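Keep the viewer open while you read.

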Amino acid sequence: MAQIRGQRAADNDNDPVEVRHYQILGSSLDQKLGGIPTSPIWSRWLVGTGYIFWQYFPDGIIISTPDTCASVLYGPIYHYWDQTGQFDGPLGAPSTDLLQLTGSPPVGASYAVFEHGVLYLDPDPNASVVELSPVSQGMVAGATGITPNGDGIAQGAQATIQGFADNALATDQRLSDNVKNIYARTSFNSTGPGGCMGGSFNAVGRSLLRSHILNVHFDFELTGCAGTFGNATADLRVEVRLFIDPPTVTARLVNYWIDSVGSPFSAGDQEIRSGLSHSLNGQYGHDLLNRTIPKGITVIAGIVEPWGDVNLYIAPLCAATGVLSSSAGAAGTLDRMRTLRDRHLITQHRGRDFVEVVDVFGSALLAALRDEHDGPALSDAIARLLARTFTEDADLAAIAARLETANNDLQALLSQPALRRDPCWPERLIRTALLHAREQLRQDVSFDDLLEHARRVIMEETERCRPDERDCSSAD
């Protein structure tokens, strides 16, 4: 294993790596690393941020950065990361330990989150480590109504911040005596740092995502005599940080700064500043977006890039794993589906887009299936269809070619402006898919027949959502 050298850290300086190693001594995690370290604790100064510390073991590494807690990495994911150049490579340093999925399929899958990506390993003994692609911004926006970037976070927070202002006006007598209305405008400013929350000798801690810092401009419509000389303004910055707690994603207020307040002759400055502070102080830790991830879709990780883009990651093939979990020969079927994905589909034009749609909508469709009265029967029918299609002698190249045609139709549908303007389109497409799945799966149809029927449904949806149509929100 290659070892990157740095400046040797001082002994007994209680740096994060030394503390973490002390925490895990004698534990199963210590055994995973292989016991006695094979290097001293190295350090490197990162200009403008702080020190990165790391130490090698026979089978892994403990590493911390100014933006992350000390993380423990080992096993196949560690070896894959090593081949990319470790923390000097494109993935950067890990921001989590090696984690496992426990509450949703594929149970037992392991993954680790890095500064610039996610490595994932299915529980199948034959599976290889894969670098996950983030869910596209368009897909996230369609599913949640929030574009996952700085401007999108600002727009999503606009209504909540306006609510803060309205609440301040309604609850603060000094403010309401001088102000009739408050109007808020929110925009993206920059990103703030990450960090480690709660790390100590007794606690592992939690690596924080970079925060989003938003500009907020308030216009105050004044009442009484003060209003005859003009209105007042205030400018502040609010710091919002995303927290990923699968399956939920929240954006919580963690800090704010009131930069300026201006009223005629400065007569109302103190009342305005006091009213805003009182309202914002009560919102620490509250979610500014108030949006939900569609049922069935579990976000396992998130990364905030320095420019504000938010990359969200979900486990691949969750839906297929879910329906096949109790089926005989499920491992072989899933292995062939992975081969189809990795060797055939993602090499096609927009093949990754198709895989993403299957992962996202497949998980949501499976969750919707579970709520149906005949859900177990439909799930069993899907499992039988997959087992019949992905046999040992299946021609995966031919299946990929047939799926490419369907994918072209699907991408044409998803690109329709009328569809993208409809906030209910994910739910509506899932409902439509359920309707047709029930109709087609009553009998053990072939994969080709089901695919042909799906293409017809997609084309009908596309016609309904042509740009010149005024409404595409109704479903048969």
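Predicted model: local features only at pLDDT ≥ 70, side-chain atom pairs only at ≥ 80, totals over all residues.

## The β6-β7-β8-β9 sheet

Let's start with a sheet of 4 strands, which is open and runs in the order β6-β7-β8-β9 with antiparallel pairing. At its edges sit β6 (99-100) and β9 (130-131); each has a single partner strand, so one side of each is left without a neighbour in the sheet.

Zoom in on β9 and you'll find it paired with β8 (residues 117-121) in the antiparallel sense, over 2 bridges. Here E131 of β9 is the bridge partner of L119. A helix comes in as well: α3 (residues 75-83) lies across β7 (110-114), β8 and β9, and runs at about 135 degrees to β8.

## The β10-β13-β14-β15 sheet

The other sheet is also built from 4 strands and is open, with antiparallel pairing and the order β10-β13-β14-β15. Its edge strands, β10 (179-191) and β15 (248-262), each pair on one side only. On average, neighbouring strands here are turned by 25 degrees against each other, if you ignore direction.

How many bridges join β14 and β15? The two pair in the antiparallel sense over 13 bridges. To find your way along that pairing, look for T233, whose bridge partner in β15 is G262.

Helix α5 (residues 150-171) packs on it and touches β10, β13 (211-222), β14 and β15, with a direction that makes about 150 degrees with that of β10. Helix α8 (residues 269-281) lies across β13, β14 and β15, running at about 170 degrees to β15.

## A pair of helices: α15 and α16

Two packed helices are described by the angle between their axes and the distance between the axes. For α15 (residues 425-440) and α16 (residues 447-464), the angle is about 145 degrees and the axes are 11 Å apart. The crossing of α15 past α16 is right-handed.

Which residues do the touching? From α15 come R428, L429, T432, H436, E439 and Q440, and they meet L450, H453, V457, E461 and R464 of α16. Sort the residues of this contact by type and you get 3 nonpolar, 4 polar and 4 charged.

## The largest pocket

Rolling a probe the size of a water molecule over the atoms shows where empty space is left. The largest pocket has a volume of about 640 Å³. It is lined by 32 residues, and the closest to its centre are S95, T96, V113, S207 and L209.

The top contributor is β16, with 5 residues. By type, the lining of the largest pocket splits into 17 nonpolar, 9 polar and 6 charged residues.

## The second largest pocket

Next comes the second largest pocket, at about 430 Å³. Of its 18 lining residues, E131, L132, S133, R352 and V355 are the closest to the centre.

Two or more lining residues come from each of β9, α10 (330-344) and α11 (351-370). Helix α11 provides the largest share, 6 residues. The lining of this second largest pocket divides into 9 nonpolar, 2 polar and 7 charged residues.

Technical notes:
Residues numbered from 1 in each chain as written. Heavy atoms only, no water. Pairing = 2+ DSSP bridges. Contact = heavy atoms within 4.5 Å. Axes fitted to C-alpha atoms, helices over the stretch in contact; angles between N-to-C directions. 1 Å grid on protein atoms, 1.4 Å probe; cavity = no way out; pocket = protein on both sides within 12 Å on 5 of 7 lines; lining within 4 Å. Points joined across faces, edges and corners; volume = space filled by probe spheres on them. Nonpolar A, V, L, I, M, F, W, Y, C, P; charged D, E, K, R; others polar. Left-handed = near helix turned anticlockwise from the far one by under 90°.
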